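Please look over the model below.

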Amino acid sequence: MSMIKCPVCDKKISDKAVSCPVCGYVIPKSQNNFCGECGASLPAGATICHNCGCPVEAASANGKHSQQLEVTINKSSKSKKGIIACIVLVLVIAGGWLLFSQLQAYLYNDTLRETISLIAAGSVEAEEAGGLIHDVWYNTIFNESDSETDKYTKNAFGDFNDDFNDSLETLYADPEFTEKIESIESNQDDVVSNMKELTNPPDKYKEAYASLKTLYSDYMEFSNLVLEPSGKNIFTYTESFNNCEEKLGKDLEAVRLYF
């Protein structure tokens, strides 16, 4: 057995080899002791077929060209597969991002709606509590009897309190009213927590968020009038309470236009 060079990679291989073990090149019959034209047996190293006179080198060159063409086609096929794989990957990533964005928008919308509902419910509670505060304050000053406020405005002898602050203190010590105050405080905490989650709105919700911020600001002012009544007198308190209530109603109408 003698060694010959592979016409593709130039590595030394056996003259009996069917294919190159390095690059996979298939050895033409003319290089495997047979003529590529007539099939006659050839001695190792022959350059011309003794039977038909066909040059062995020519057959090798044809075989080499055929093999190179096959390698080029294979490389081209692999390249196309790689491009297709990259396109598929990009589409998968884009689809995943789109799905993630849609999920974020859905969750944002859900929190936005929940916050509006919380503010609406809290406003109703604050309005009821604020109305009772007003009545206790007013009835103490003007000695107005009322079945709902008498237990706060009058002392044990049935006389009106001299100081409306005593009446308000009795009101805030009442367990039933205390429960209402705690509910309003809890509602405030939930609203504040939700507003923190809504800080960075998606583009489609930016206008709604801006409207919600106004609603939130007026709601906090309104509910704080109940939690900590303030005002120089009953009239300034009543004016502040009514103004906040009016603004809050308009804010709720404005924000609901987005849903």
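**Salt bridges and a buried glycine**

In this predicted model, Glu221 and Lys247 form a side-chain salt bridge, with an N to O distance of 3.6 Å. The two residues connect distant parts of the chain, since Glu221 belongs to helix H5 and Lys247 to helix H6, 26 residues apart. Glu221 is partly exposed, because its relative accessibility is 40%.

Lys247 also forms a salt bridge with Asp218, again given as N to O, at 3.6 Å. Lys247 lies in helix H6 (residues 234–256) and Asp218 in helix H5, so this pair ties together parts that are 29 residues apart in sequence.

The accessibility of the partners can be set side by side. Lys247 is partly exposed at a relative accessible area of 36%, whereas Asp218 is buried at 9%. Helix H5, which holds Asp218, spans residues 206–227. Leaving aside residues up to four places away in sequence, Asp218 touches Lys247, Leu248 and Asp251.

The structure holds five salt bridges. One of them joins Asp150 and Lys154, whose closest N and O atoms are 3.8 Å apart. Asp150 is partly exposed, with a relative accessible area of 21%, and Lys154 is partly exposed at 23%.

Gly130 is found in helix H1, which covers residues 56–142. Gly130 counts as buried because its relative accessibility is 0%. Beyond residues up to four places away in sequence, Gly130 touches Val226, Tyr237 and Phe241. Gly130 and Tyr237 are 107 residues apart in sequence, and their C-alpha atoms are 9.9 Å apart in space.

Notes:
Residues numbered from 1 in each chain as written. Predicted model: local features only at pLDDT ≥ 70, side-chain atom pairs only at ≥ 80, totals over all residues. Heavy atoms only, no water. Helix = DSSP H or I, 4+ residues; strand = E, 2+ residues; numbered from the N terminus. Buried < 20%, exposed > 50% of the residue type's maximum accessible area, 1.4 Å probe, protein only. Contact = heavy atoms within 4.5 Å. Salt bridge = Lys/Arg side-chain N within 4 Å of Asp/Glu carboxyl O.
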